[in-house]
Structures are given as structure tokens and as C-alpha cells.
Amino acid sequence: MPIHPTPQGVRIELHVQPRASRTEIAGMHGDALKLRIASPPIGAANDEIIRFLAARLALPRRAVIITGGASGRRKVVAVEGVTVAAARLALGLAD
């Protein structure tokens, strides 16, 4: 499962595919959530990830922080103020 609880919210493991036609959740990639992003891999990619996740989770952008893998495809994102169940539902992973 790519979403794990933390004391402040959740931790999300992502596999990022840059230069997609649009930014969207694209299912799973191993044990990570696959996220296609419309921006190139250099520069605006991390900003696009933060913007997209904050919008989907209905949180301010300051609540979404990339804590690992900032320069790679595999990223770990900390999100404050959301539960695992709410994150799964907002990201389309609810059973």
C-alpha cells in the first residue's frame, strides 16, 4: 500500500512519470502510486506534484512536502492534516 499513516497525517510513496499529456493518477507501479505529470522532469516537476496532491486532497500547498527523492522518479511525500482513508478516497484508491 503506497499510503502510510504518520502522527501528523500520511506518507505517500510515488513513482513519477514526467512529460505526460496531463497530470493524473495512473494506478500502481510496484508498491508505489504512479503519478503522471505534465511538466518536464527538471524544474517544475516537484511544484506540479505538490500542486496536484494539494488540490486532490483539498489541502493548502504548505501541507504537502516532498521528503525523499526530490531529484528522482521515486518520491516520498508527507501530507499533514489528512487520514489514510481520506487520502485513499481522494486519490481514487478506495476499495
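Helices (H or I, at least four residues) and strands (E, at least two) are taken here as DSSP runs and numbered from the N terminus. The structure is a predicted model, in which local features need pLDDT of at least 70 and side-chain atom pairs count only at pLDDT 80 or more, while totals for chains, interfaces and linings use all residues. Residues are numbered from 1 along each chain as its sequence is written, and side-chain values use heavy atoms, with hydrogens and water left out.

Confidence comes first. The protein averages a pLDDT (the predictor's confidence in each residue, from 0 to 100) of 93, and 98% of the residues score at least 70. The lowest confidence falls in strand 3 (residues 24-29), with a mean of 94, and the highest in strand 6 (residues 74-80), at 97.

Leaving aside neighbours within four places in sequence, histidine 15 is in contact (heavy atoms within 4.5 Å) with His29, Ala32, Leu33, Lys34, Leu35 and Arg73.

Helix 1 (residues 45-57) has 13 residues and spans 18 Å from its first C-alpha to its last, close to the expected 18 Å (1.5 Å times one less than the number of residues). Its buried residues are Ala45, Glu48, Ile49, Ile50, Phe52, Leu53, Ala54 and Leu57. These pack against strands 2, 3 and 6, and also against strand 4 (32-36), strand 5 (64-68) and helix 2 (84-90). Just after helix 1, alanine 58 adopts a positive phi of about 55 degrees.

Proline 40 sits in the loop between strand 4 and helix 1. Its relative accessibility is 37%, so proline 40 counts as partly exposed. Not counting residues up to four places away in sequence, proline 40 touches Pro18, Arg19 and Ala45. Proline 40 and alanine 20 are 20 residues apart along the chain, and their C-alpha atoms are separated by 8.6 Å.

Ala45 returns in the largest pocket, where Ala45, Pro41, Ser71, Gly72 and Lys75 lie nearest the centre among 13 lining residues.

Notes. Buried means under 20% relative accessible area, exposed over 50%, partly exposed in between (1.4 Å probe, protein chains only). On a 1 Å grid over the protein atoms alone, a cavity is a set of points where a 1.4 Å probe fits but cannot get out, and a pocket is an open set with protein on both sides within 12 Å along at least five of seven lines; lining residues have an atom within 4 Å of a point.
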